[in-house]
Amino acid sequence: PRKLILDVDTGTDDAVAIMLAALHPALDLLAVTTVNGNVEIGYCTDNSLRTLDFIGRSDIPVYEGCPKPILRADFPVPRAVKKDGGMHVNTLPVPEPTSRKADKNAVEFLIETFRAATEEIALVPVGPLTNIAAAITADPNFARNVPELVIMGGAHYTGNVTPSAEFNIWADPEAAAIVFEAPFARRVLVPLDATFQALVSGADCGALEALGTNAGIAASRFISQRIKGYDSTQPMKTLGSAPVHDAVCVAYLAEPDIIETRHIHVAVETAGIHTVGRTVFDVNKRGDNEANTHVAFGANGPRFIALLKEIFGGAAA
Ligand code: BDR
Ligand code: CA
């Protein structure tokens, strides 16, 4: 199976990504690392542990990483404090995590693991890029040691946190700029343009719940909560359905054809008044920079949904 490490800010879509990676027979999830993002880091770690416990995969270690952006004291605009632990703690039908986070810091773990790796391990950050930038900064060889980096983030058409920026890139723009300038052998980016082509509906949630497995039930609850959020608060209306961004990156590792990519240059805006955190995609080769990223502009929605049902309905789930 394909080895990977998921770097998450769990988060309902992160939780679905964790379950897909932990349960897919063609994938081997070696570890989860957590980063400040959707909620404060302690909650991201707790939510990740709880998700793994719930599907019987508490053997997968969880390492906690950076509690705030790499340079900034906070996000470009500080978020409202979420006191309840955020996104999905209350929707998961388990009380507290029974397992504990690993002792080592996530950045140290990532540096050591990729330095010592004798087999290919994909690194899949689906939250702000703080841990990855911290690893690059601390170890000049880090990027070269990672054979494939698969990022969920960015947007070409429109942002989801500001008119121009997507959350993961906006939340730590300096970290994102470091990551896009680093010499990874292969960098894949799954932006909103692709994840919005893989919307999961209320009817799909019903089918996931009906699988009767812990993973199916949890996925159904997480995604239903996302649909409620999109219906009530998100300006990008998705009419009774929602994107499950982070899980699309995991689906790609199992089935590369699930996304359609173009190899182009990507830069991250760190200084713009209106555009901080924007991913600038050189789709028309207007700049002099060489292509540095395989950007997904398309995703196969029906196949993505079928995959969730297959894996969450399987014997291990
Ligand atoms: C990204 O931001 C977070 O809210 C999600 O978990 C996802 O990784 C989408 O913009
Ligand atoms: Ca995320």
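**Group meeting: a walk through the predicted model**

I'll start with one residue, Glu 96, which sits in the loop between strand S3, residues 62-64, and helix H3. Keep in mind throughout that this is a predicted model. Is Glu 96 buried or exposed? It counts as exposed, because it has 9 C-beta neighbours inside 10 Å, and the cut-off for exposed is 12 or fewer. Tyr 63 is 33 residues from Glu 96 along the chain, and their C-alpha atoms are separated by 18 Å.

Now the whole protein. The secondary structure comes to 12 helices and 12 strands. The C-alpha trace spans about 55 × 45 × 40 Å along its principal axes. For 317 residues, a compact globule would have a radius of gyration near 20 Å, and the protein has 18 Å, which agrees. Of the 317 residues, 54% are buried. As for contacts with a separation of 6 or more, 82% of them are between residues 24 or more positions apart.

Next, helix H4, residues 130-138. Seven of its nine residues are buried, so the helix is largely enclosed by the rest of the structure. Which residues are those? They are Thr 130, Asn 131, Ile 132, Ala 133, Ala 134, Ala 135 and Ile 136.

On to a helix pair. Helix H9 is residues 202-210 and helix H10 is residues 214-232; their axes come within 7 Å and cross at roughly 160°. The cut-off for roughly antiparallel is over 145 degrees, and H9 and H10 are therefore roughly antiparallel to each other. The crossing of H9 past H10 is left-handed. On the H9 side, the residues in the contact are Gly 202, Cys 205, Leu 208 and Glu 209. On the H10 side they are Gly 216, Ile 217, Ala 219, Ser 220, Ile 223, Ser 224 and Ile 227. By class, that makes six nonpolar, four polar and one charged residues.

Staying in H10, look at Arg 226, which is also part of that helix. Buried or exposed? Arg 226 is buried, because 25 other C-beta atoms lie within 10 Å. Leaving out residues up to four places away in sequence, Arg 226 touches Thr 12, Asp 13, Ala 242 and Val 244. Pro 243 is 17 residues from Arg 226 in sequence, and the C-alpha to C-alpha distance is 8.0 Å.

Two backbone points to finish. Where is the cis peptide bond? It joins Thr 10 and Gly 11, with omega about -10°. Gly 11 lies in the loop between S1 and helix H1, residues 12-23. The other point is Lys 285, which has a positive phi of about 50° although it is not a glycine. Lys 285 is in the loop between strand S11 (279-281) and strand S12 (293-299). With 10 C-beta neighbours inside 10 Å, Lys 285 counts as exposed.

How values were computed: Residues are numbered from 1 along each chain as its sequence is written. Chains are lettered from A and ligands numbered from 1 in the order in which they are written. This is a predicted model: local features need pLDDT of at least 70, side-chain atom pairs count only at pLDDT 80 or more; totals for chains, interfaces and linings use all residues. Helices (H or I, at least four residues) and strands (E, at least two) are DSSP runs, numbered from the N terminus. The radius of gyration is taken over C-alpha atoms; the globule rule is 2.2 Å times the number of residues to the power 0.38. A residue is buried if 20 or more other C-beta atoms lie within 10 Å of its own, exposed if 12 or fewer, and partly exposed in between; C-beta atoms are placed from the backbone. Two residues are in contact if their C-beta atoms, placed from the backbone, lie within 7 Å. Axes are lines fitted to C-alpha atoms, for helices over the stretch in contact, and angles run from 0 to 180 degrees between N-to-C directions. Angles under 35 degrees count as roughly parallel, over 145 as roughly antiparallel, 65 to 115 as roughly perpendicular and the rest as oblique. A crossing is left-handed if the near helix is turned anticlockwise from the far one by less than a right angle, and right-handed if clockwise. Ala, Val, Leu, Ile, Met, Phe, Trp, Tyr, Cys and Pro count as nonpolar, Asp, Glu, Lys and Arg as charged, and the others, Gly among them, as polar.
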